[in-house]
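Let's work through a few exercises together. Grab a pencil and try each task before reading its solution.

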Amino acid sequence: MMTATAVRSRTLSEAEVLAMSPDDYMNPAQLEFFRQRLLHLQKELRENSEETRSHLRETVATPDEADRATQEEEQVLEQRIRDRELKLLHKVEAALRRIEDGSYGYCEVSGEPIGVGRLIARPTATLSIEEQERHEREERLYR
């Protein structure tokens, strides 16, 4: 297993993060790995948002009803995507704040580690798998 000190001078790869000992959970090198991943995602989301806004402003009115209907449908879809990405952007920014305050990687309900594998798959996760499953069961129950 790799130690945190062996890779501290550079950003880790995904494989290196996964290979680290559980004793190294959320050490400075792992936190930097997730910070870089979140910053990249944040940049991507902001660029997408700007492209969508620009595209929505470029829309040209057309006299043809079918073309106009298609155009409106595309705008609605783009707006939905933009809204979804904006929600994700807020989650990314919250995750970056958790890295700064030292709570990143730990379940906000139980305080247990979320797990490196889960965070690689979903870097904005705030719940352990167990708590997420419990939350989803309760959601289904009270819908």
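**Exercise 1: contacts across the chain**

Work out what share of contacts in the chain between residues at least 6 apart in sequence join residues at least 24 apart. Solution: count a contact when heavy atoms lie within 4.5 Å. Of the contacts between residues at least 6 apart in sequence, 46% join residues at least 24 apart. A note on the basis: this is a predicted model, where local features need pLDDT of at least 70, side-chain atom pairs count only at pLDDT 80 or more, and totals for chains, interfaces and linings use all residues. Residues are numbered from 1 along each chain as its sequence is written, and side-chain values use heavy atoms, with hydrogens and water left out.

**Exercise 2: the elements**

List the elements from the N terminus on. Solution: start with DSSP runs, numbered from the N terminus (helices: H or I, at least four residues; strands: E, at least two). That gives six helices and zero strands, in the order α-α-α-α-α-α.

**Exercise 3: following α4**

Compare the reach of α4 with its expected span. Solution: α4 covers residues 65–101, 37 residues in total. Next, look for buried residues (under 20% relative accessible area, 1.4 Å probe, protein chains only): in α4 they include Glu78, Leu89 and Ile99. Finally, step past the end of α4: Gly102 follows, with a positive phi near 85 degrees.

Terms used: Expected span 1.5 Å × (residues − 1). Buried < 20%, exposed > 50% of the residue type's maximum accessible area, 1.4 Å probe, protein only.
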